[in-house]
Amino acid sequence: MKTIDLRSDTVTRPSPAMQAAMAAAPLGDDVYGDDPTVNRLQATLAERLGFAAGLFCPSGTQSNLLALMAHCQRGDEYIVGQEAHCYKWEAGGAAVLASIQPQPLDHAADGSLPLERIAAAIKADDFHHARTRLLALENTIGGKVLPQDYVEAATALAHGRGLQCHLDGARFFNAAVASQRPRESLAQAERRLVAGFDSVSICLSKGLGAPVGSVLLGSQSLIADARRWRKMLGGGMRQAGVLAAAGLYALEHNVARLADDHANARLLAELLAGVPGLRVDLGPTNMLFMQIAPEQADGFMAHLQAQQVLASGRYTLRLVTHLDVSEADVRRVAQTIRAFF
């Protein structure tokens, strides 16, 4: 019986076509800046989203940290959400490695940081305080797409108070596909979502299916600073074009198909609707959350494991659809869950 892995969209495996692209990639030494495939990936994504330059990084954790370090100095701070990846899930790297203080704020129900809380968190120009330099947002966050009017207002507020803005776009293309408007091209949706940000981190190894890598986008000067920090943090890679080729393949073939993952998540939610003892929460993208009663958690997880279904969490479970999960897989998962309850 096939194992259906819904723990994350990071568990995807490169397709044979992606592996062929990786094997055929022209290579050089990227630390010297002469790997043609890495250079093409950086230029392609920068041009696609309207930035001057890009930097290929081993991980989204590193690309976020490089952005924070390029925007802020030691003793500065960034405003960020309590549940944001670059605050909660990246091991405190900004504080530990960069001496940058996070100022975390509680999220609203839609994933946003209320504007009045952002404004109140910006410190006065007083040597008693850390200097507030940056607003960091995440889109998507918890499977939710930030409202466009909110993003425009938040970035305008930040810029008006002298702050820069960084977007953690780990699942940026999920947000673009889910929020595409009628008579708007996907390219237009992508540009609309990054407008107002001074830097963006794009992950290639989640819904896009590449095995590794993220790209940081920004101005020429910001990327030059980030490249120096990347070297210091051990992120300089040599013949990295074999990995960049997977990212290029993902950008060319795996963006529009994210709509299939969103549809499968909706189908799973529909198939689980009305199950007694089960509360299901679904956003507009590829993440479904289930609330399980504490006394049922151990038995339920054992049941899933016996049926070779993997999910993350315990009392609140997260199920993430991706390109290695088919509609038939979703139906089997729903049948498995319903059988337990």
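Strands β9 and β10 (residues 287-291) pair in the antiparallel sense, with four bridges between them. In this predicted model, Val-280 is placed opposite Met-290 of β10. Both strands belong to an open sheet of four strands, in which antiparallel pairing gives the order β9-β10-β13-β12. Because β9 (279-282) and β12 (312-313) stand at the edges and each has a single partner strand, one side of each is left without a neighbour in the sheet. In general, the strands of a sheet pair through backbone hydrogen bonds, in either a parallel or an antiparallel arrangement.

Elsewhere in the chain, strand β5 (residues 131-138) contains Glu-138. Glu-138 is buried but has no salt bridge. The nearest side chain of opposite charge, that of Arg-171, is 5.6 Å away, whereas a salt bridge would require a side-chain nitrogen within 4 Å of a carboxyl oxygen. A polar atom of the Glu-138 side chain does, however, lie 2.8 Å from the backbone nitrogen of His-85. Apart from neighbours within four places in sequence, the residues in contact with Glu-138 are Ala-84, His-85, Leu-146, Leu-167 and Asp-168.

Helix α3 (residues 60-71) comprises 12 residues. The distance from its first C-alpha to its last is 16 Å, close to the 16 Å expected at 1.5 Å a residue. Helix α3 is mostly covered, with 11 of its 12 residues buried. Among these buried residues are the polar Gln-62, Ser-63 and Asn-64, and they also include Leu-65, Leu-66, Leu-68 and Met-69.

Conventions
Residues are numbered from 1 along each chain as its sequence is written. This is a predicted model: local features need pLDDT of at least 70, side-chain atom pairs count only at pLDDT 80 or more; totals for chains, interfaces and linings use all residues. Side-chain values use heavy atoms; hydrogens and water are left out. Helices (H or I, at least four residues) and strands (E, at least two) are DSSP runs, numbered from the N terminus. Buried means under 20% relative accessible area, exposed over 50%, partly exposed in between (1.4 Å probe, protein chains only). Lys and Arg count as positive and Asp and Glu as negative; His and the chain ends are not counted. A polar contact is a pair of N or O atoms within 3.5 Å; within protein, one must be able to donate a hydrogen and the other to accept it, and residues adjacent in sequence count only if both atoms are side-chain atoms. Contact means heavy atoms within 4.5 Å. Two strands pair if DSSP finds at least two bridges between them. The expected span of a helix is 1.5 Å times one less than its number of residues.
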